[in-house]
Amino acid sequence: MIRRKFAAVVPLVFLVACSRTEPQPTVDQPLGLGAELAPLEVPAQAGSAHPQLTTSQKGAILSWLDQDESTTLRFSERTGGNWSAPQTVSSGKDWFITAADVPSVLRLKDGTLVANWYPTTDEAIEAYDTQLSYSKDDGKTWAKAFSPHHDKTKTQHGFVSLLELADGGVGMVWLDGRDQELNTTDPLGGSMALYYASFDSSWKQTAESVVNARVCECCQTAAVVTADGVLTAFRDRSAEEIRDIKVSRLDSGKWTPELALHDDNWKIDACPINGPALSARGRQVAAAWFAAPNDNGRAYVAFSQDAGKTWGQAIRLDDEASLGRVDIELLDDGSAIASWVEFANGKSAFKVRHVLPSGQRSAATDVPGAGRVSGYPRMTRAGNELILAWTDGDGGNQVKAAVARLK
């Protein structure tokens with residue numbers, strides 16, 4: 001069984017705390033318009049890790065991995081302030097396991113549950129596939145697993161972002177390494193690409209296409225449905241090794257050319273394993289991302305009022321320096337709650353703050369109960385609850401959570 005492997009080497013940067021060169025106004029404004037964060041009990045037990053959070057009309061879903069002789073994907077749903085008993089989606093002894101690239105469970109509007117996970121195809125070269133399944137009976141039984149990609153290469157197929165399409169179907173983006181096996185012209189061995197697939201409500205596949213042919217090898221993807229269609233964000237990779245965050249929109253069945261969220265001009269000849277986050281409501285979109293030009297780690301937020309066609313200013317999220325690992329959720333008034341891992345005085349801390357499109361920010365708030373955060377924290381909004389989950393690494397892995405009840 002493969003545990004905690006990564007698809008690229010993480011460079012030893014981002015750990016330099018430095019003075020703020022981009023001051024941002026801080027206003028006396030409490031988190032989430034008056035909400036306070038508090039620890040939240042979750043049904044994941046000791047040994048659990050790698051959480052994911054999604055939200056449906058029914059409530060929030062927390063999924064995680066339990067690992068012993070095999071790896072098991074489990075989930076629990078939160079409705080009426082209570083978690084359901086944990087249910088099992090699937091398990092296996094050959095899954096590709098990494099804190100950066102985790103399975104997920106999503107509930108559609110018609111009640112169908114959809115899940116994805118990653119069986120290994122070649123451990124030596126960190127090759128794995130994406131498998132999908134769905135349940136029509138609240139997770140009691142699951143359909144035979146299938147794959148959205150059909151290249152049959154033993155390469156990477158992961159970092160999936162699932163989403164429900166406006167017509168009730170399912171869409172997804174993922175990082176796909178097929179060119180690294182199929183290419184015949186690149187002496188360096190081919191490029192990682194960003195792919196998109198879609199399925200209609202009867203689970204007939206309706207698309208498998210390239211979004212961007214050259215992207216960073218192992219940074220998380222993000223995808224949302226706006227009033228104007230699907231928007232995805234990813235870390236691009238130029239020929240000069242500039243790895244800034246870009247977005248692309250699905251417009252009339254075709255993906256638009258990539259557009260930079262901000263010209264960070266981060267040149268790095270390695271994958272930082274630090275992807276973007278998106279949140280959308282209608283035509284409003286909020287994005288969070290990480291960059292470290294000159295080895296100075298920074299986390300940022302930006303807003304779009306036109307479904308990702310144009311973006312406002314890059315708003316500094318951290319106070320001293322950041323390790324990234326961001327997430328973001330829009331609020332009803334068009335502002336957002338963003339999370340990141342701060343790094344200051346030789347220590348890391350999981351933090352959140354309220355950010356406005358104008359650039360105003362609340363004071364940063366430490367997430368209660370978050371000690372040594374392992375992996376990549378997650379966040380979602382369900383009704384008036386903002387839920388955060390992470391793997392706590394103190395004394396052995398266990399998924400923990402916190403909640404803010406928004407006013």
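## Close-up views of a predicted model

View 1. Four of the five residues of strand E11 are buried, so E11 is largely enclosed by the rest of the structure. Buried means under 20% relative accessible area, exposed means over 50%, and partly exposed lies in between (1.4 Å probe, protein chains only). Helices (H or I, at least four residues) and strands (E, at least two) are DSSP runs, numbered from the N terminus. Please keep in mind that this is a predicted model, in which local features need pLDDT of at least 70, side-chain atom pairs count only at pLDDT 80 or more, and totals for chains, interfaces and linings use all residues. Residues are numbered from 1 along each chain as its sequence is written, and side-chain values use heavy atoms, with hydrogens and water left out.

**View 2. The open sheet of E7, E8 and E11.** Here three strands form an open sheet in the order E7-E8-E11, with antiparallel pairing. Strands E7 (104–107) and E11 (131–135) are the edges, each pairing on one side only. Two strands pair if DSSP finds at least two bridges between them. Strands of a sheet pair through backbone hydrogen bonds, either parallel or antiparallel. Four bridges link E7 to strand E8 (residues 113–117), and serine 104 stands opposite asparagine 116 in E8.

**View 3. Strand E18 and its partners.** Strand E18 (residues 245–251) is mostly covered, with five of its seven residues buried. Five bridges pair E18 with strand E17 (residues 229–235) in the antiparallel sense, and threonine 232 stands opposite serine 248 in E18. E18 also pairs antiparallel with strand E20 (residues 259–260) over two bridges, where valine 247 stands opposite leucine 259. Two bridges join E18 to strand E19 (residues 254–255), again antiparallel; aspartate 251 faces lysine 254 there. In the hairpin of E18 and E19, two residues lie between the strands, and serine 252 takes a positive phi near 55 degrees.

**View 4. Two cavities inside the model.** How many cavities of 30 Å³ or more does the structure hold? There are two cavities of that kind. On a 1 Å grid over the protein atoms alone, a cavity is a set of points where a 1.4 Å probe fits but cannot get out, and lining residues have an atom within 4 Å of a point. The largest cavity has about 50 Å³ of space, and its lining includes Leu108, Asp110, Lys136 and Trp203. That lining divides into three nonpolar, four polar and three charged residues. The second largest cavity has about 40 Å³ of space and is lined by Val341, Ser348, Ala349, Phe350, Gly371 and Val373. Strand E27 (residues 347–355) gives the largest share of this second lining, three residues.

View 5. Cysteine 216 is buried, at 1% relative accessibility. Cysteine 218 is buried as well, with a relative accessible area of 1%.

Notes
On a 1 Å grid over the protein atoms alone, a cavity is a set of points where a 1.4 Å probe fits but cannot get out, and a pocket is an open set with protein on both sides within 12 Å along at least five of seven lines; lining residues have an atom within 4 Å of a point. Grid points are joined across faces, edges and corners, and a volume is the space filled by probe spheres set on the points. Ala, Val, Leu, Ile, Met, Phe, Trp, Tyr, Cys and Pro count as nonpolar, Asp, Glu, Lys and Arg as charged, and the others, Gly among them, as polar.
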